Amino acid sequence: MRIGVVTFPGSLDDRDAARAVRECGGEAVTLWHGDADLRGVDAVILPGGFSYGDYLRCGAIARFAPVMDALVPAAKGGLPVLGICNGFQVLTESHLLPGALIRNDHRKFNCVDQRLVVENASTAWTSDFEAGQEITIVLKNGEGGYVADQNTLDKLEGDGRVVFRYVPDAEGRNPNGSYRHIAGITNKRGNVVGLMPHPEHAVEAGYGPSLDGRAFFTSIITKTLESAANA
């Protein structure tokens with residue numbers, strides 16, 4: 001199982017994502033932003049960080065990187081893609097996922113262990129979870145507020161495409177002002193998933209708040225091997 005991890009200028013969690021892949025039994029393959037070649041990988045991770053310094057708008061420049069010329073049609077064709085934090089921003093800028101990520105409503109950078117509820121356990125990246133399960137992984141962002149128009153939000157809800165939701169605090173607030181407490185979503189096909197929290201920081205005992213992030217990586221490995229066996 002070969003999972004590509006894209007490095008953009010300013011990526012800072014690409015090595016963490018690659019390590020998470022290896023810790024969970026996959027082979028991590030380095031993909032460079034300037035190469036329009038996915039090297040025959042079975043899935044791709046767009047990692048967190050500050051691609052191209054977050055100039056113009058988070059993910060807006062990365063969307064035009066040569067590697068995205070190969071990734072966008074591959075994702076539309078069914079290649080599993082996971083966008084984490086900045087990677088989620090890149091996915092929305094690339095129109096692989098709807099909506100946008102804007103500055104946190106409190107105008108401060110978040111760095112917390114965040115509780116989430118799994119809403120959809122049927123995607124390529126969440127099949128080892130259970131719907132309704134509560135998990136805790138790291139959240140660190142300054143522009144993590146998920147927004148979309150009401151029609152898009154209603155459609156996401158109606159189609160079961162909200163994958164993760166923040167557990168609100170005692171006052172009913174989430175950490176960045178995301179509409180409807182949305183922390184992650186998927187496309188119609190379920191192969192493309194984006195979320196703001198960082199599962200790659202919750203895969204090893206003693207490093208992170210839990211081991212809850214492992215299921216992201218074991219899910220895609222299991223799913224891909226099953227598809228290959230049934231082909």
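Predicted model: local features only at pLDDT ≥ 70, side-chain atom pairs only at ≥ 80, totals over all residues.

Residues are numbered from 1 along each chain as its sequence is written, and side-chain values use heavy atoms, with hydrogens and water left out.

**Stop 1: N104**

Select N104. It sits in the loop between β5 (100-102) and β6 (110-118). Helices (H or I, at least four residues) and strands (E, at least two) are DSSP runs, numbered from the N terminus. Is N104 buried or exposed? N104 is buried, because its relative accessible area is 0%. The cut-offs: buried means under 20% relative accessible area, exposed over 50%, partly exposed in between (1.4 Å probe, protein chains only).

Now show the contacts of N104, meaning heavy atoms within 4.5 Å. Leaving out residues up to four places away in sequence, N104 touches F109, N110, N141, G142, E143, G144, G145 and N176. Next, follow the side chain of N104 to the backbone oxygen of K108, at 2.9 Å. For scale, jump to H33: its C-alpha atom is separated from that of N104 by 27 Å, and the two residues are 71 apart along the chain.

**Stop 2: salt bridges**

How many salt bridges does a search of the whole structure find? It finds 14. The rule is a side-chain nitrogen of Lys or Arg within 4 Å of a carboxyl oxygen of Asp or Glu.

Select R2 and E27. Their side chains meet in a salt bridge, 3.9 Å from N to O. R2 lies in strand β1 (residues 2-7) and E27 in strand β2 (residues 27-32), so the pair links distant parts of the chain, 25 residues apart. R2 is partly exposed at 24% relative accessibility; E27 is partly exposed at 43%.

Move to R57 and E93. Here the closest N and O atoms are 2.7 Å apart. R57 is in the loop between β3 (43-46) and α2 (66-76), while E93 is in helix α3 (residues 86-93), 36 residues apart. R57 is partly exposed, with a relative accessible area of 44%. E93 counts as buried at 17%.

Then pick K155 and D159, a salt bridge at 3.5 Å, N to O. K155 is partly exposed at 42% relative accessibility, and D159 is partly exposed at 42%. Finish by selecting E119, D154, E157, R165 and R180, which salt bridges with shared partners join into one network.

**Stop 3: aromatic rings**

Rings of Phe, Tyr and Trp (its six-membered ring) pair if their centres lie within 6.5 Å; planes under 30 degrees apart count as stacked, over 60 as edge-to-face and the rest as tilted. The count comes to five aromatic pairs.

Select F88 and Y146. The pair is stacked because the planes are at 10 degrees, with ring centres 6.0 Å apart. F88 belongs to helix α3 and Y146 to strand β8 (residues 145-147), 58 residues apart. Both F88 and Y146 are buried.

Now select F129 and F216. This pair is edge-to-face, 5.2 Å centre to centre, with 80 degrees between the planes. F129 lies in the loop between β6 and β7 (134-141) and F216 in helix α5 (residues 214-230), so the pair ties together parts 87 residues apart in sequence. F129 and F216 are both buried.

Definitions and conventions. Polar contact = N/O pair within 3.5 Å; in protein donor to acceptor, adjacent residues only side chain to side chain.
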